[in-house]
Amino acid sequence: MTEAKFTRRVFSGIKPSGCLTMGNYLGAIKRFVEMQNADYESIYCVVDMHAITVWQDPADLRFATRELAAAFIASGIDPEKSILFNQSQVPAHAELGWIFNCVARVGWMNRMTQFKDKAGKNAEAVSLGLYAYPSLMAADILAYHATHVPVGEDQKQHVELTRDIANKFNHDYKVDFFPQPEPIIEGPAARVMNLRDGSRKMSKSGASDMERINMTDDATLIAKKFKKAKSDPAPLPETVEGLKDRPEAKNLVGIYAALADTTPEAVIAEFAGAQWGRFKPALADLAVAKLEPISLEMGRLMQDPAEIDRILARGAAQANAIAQPILDKTYDIVGFVRS
Ligand code: TRP
């Protein structure tokens with residue numbers, strides 16, 4: 001299948017479940033904004049249907065959906081340039097997801113490492129939705145014939161599964177209908193680690209709030225968290241190779257580089273041999289300069305939830321206009337009678 005047959009179209013999604021961290025911003029949203037501005041046709045989705053694969057309190061889910069939409073907009077996703085919507089407002093996701101449940105094999109699902117990690121020893125008790133999740137994710141992407149999917153490293157296997165599903169569908173029905181989407185794995189900021197333990201990912205579920213920067217943290221809190229972040233006794237090294245086996249130092253340099261839109265090499269060149277007493281305040285200042293405007297804008301947007309809902313509704317209508325004809329065509333291919 002050649003790329004030329006399909007427009008260069010980006011799709012990605014984030015789950016609205018709990019608070020958003022700087023990891024979501026640097027690892028995903030910032031990249032989405034860059035792709036939007038690089039003139040990809042871009043579609044960004046608040047994947048609420050994915051969120052309920054584990055229990056979500058309804059009021060919390062509504063709040064998290066609007067807050068994530070606010071985070072997208074505050075970070076630079078422009079609803080005039082990108083399509084921004086929540087998944088459950090476009091029925092094609094669930095409908096195509098069902099068809100893909102009948103294309104994907106149980107053996108494929110059993111190989112998904114994220115399911116194995118999340119289900120753990122409890123595999124009999126988790127929802128059927130959690131197990132089928134990758135097939136809904138394939139529907140998210142393929143309902144738009146998306147060609148590029150920016151995701152974190154942990155989602156690469158799901159995009160590969162999406163390619164397998166597209167392939168098997170095309171093969172079984174003897175069509176050349178679904179494209180093979182490309183995963184776009186982030187650069188240096190793909191993994192923002194915990195501020196208290198550089199070997200663990202910065203996550204919203206960690207025990208202490210001091211280990212993460214939330215997208216809603218104000219300037220004082222952002223600065224405090226960076227100043228108290230765990231480091232090590234040595235000064236910053238002369239080269240990036242010197243960051244090896246220094247997980248906390250490596251993480252803080254990586255965060256600085258991502259916030260400053262530069263490379264760890266450039267950061268080390270500037271701070272070679274510096275003590276933490278110099279680097280940490282510089283990092284705190286940079287983080288405040290980059291993140292505070294986003295957090296303030298999120299707060300402003302959240303004052304008017306009705307306006308967020310209008311933006312999502314408009315995005316859903318645009319998304320539907322792309323997805324529905326693709327779903328109709330899929331139904332014809334499968335042999336569903338449509339009147
Ligand atoms: N599974 C992704 C995650 O947990 C979220 C997601 C759902 C997604 N559908 C998608 C990402 C489609 C990219 C494309 O992060």
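I count two strands as paired if DSSP finds at least two bridges between them. Helices (H or I, at least four residues) and strands (E, at least two) are DSSP runs, numbered from the N terminus.

A note to myself on the source: this is a predicted model, where local features need pLDDT of at least 70, side-chain atom pairs count only at pLDDT 80 or more, and totals for chains, interfaces and linings use all residues. Residues are numbered from 1 along each chain as its sequence is written, and side-chain values use heavy atoms, with hydrogens and water left out.

**Strands.** I looked up β1 and β2 and found them parallel, over 6 bridges. R9 sits opposite E41 in β2. On to β3: β2 pairs with β3 in the parallel sense too, over 4 bridges, and there V46 faces N86. I then checked burial (under 20% relative accessible area, 1.4 Å probe, protein chains only). In β2, 5 of the 6 residues are buried, so the strand is largely enclosed by the rest of the structure.

**Helix α4.** Which residues of α4 (92-101) are buried? I noted A92, H93, L96, G97, I99 and F100.

**Domains.** The bounds, from an automatic or database domain assignment, give me domain 1 (3-184 + 304-334) and domain 2 (209-299). I see 14 residues of domain 1 in contact with 14 of domain 2, contact being heavy atoms within 4.5 Å.

How values were computed: Buried means under 20% relative accessible area, exposed over 50%, partly exposed in between (1.4 Å probe, protein chains only).
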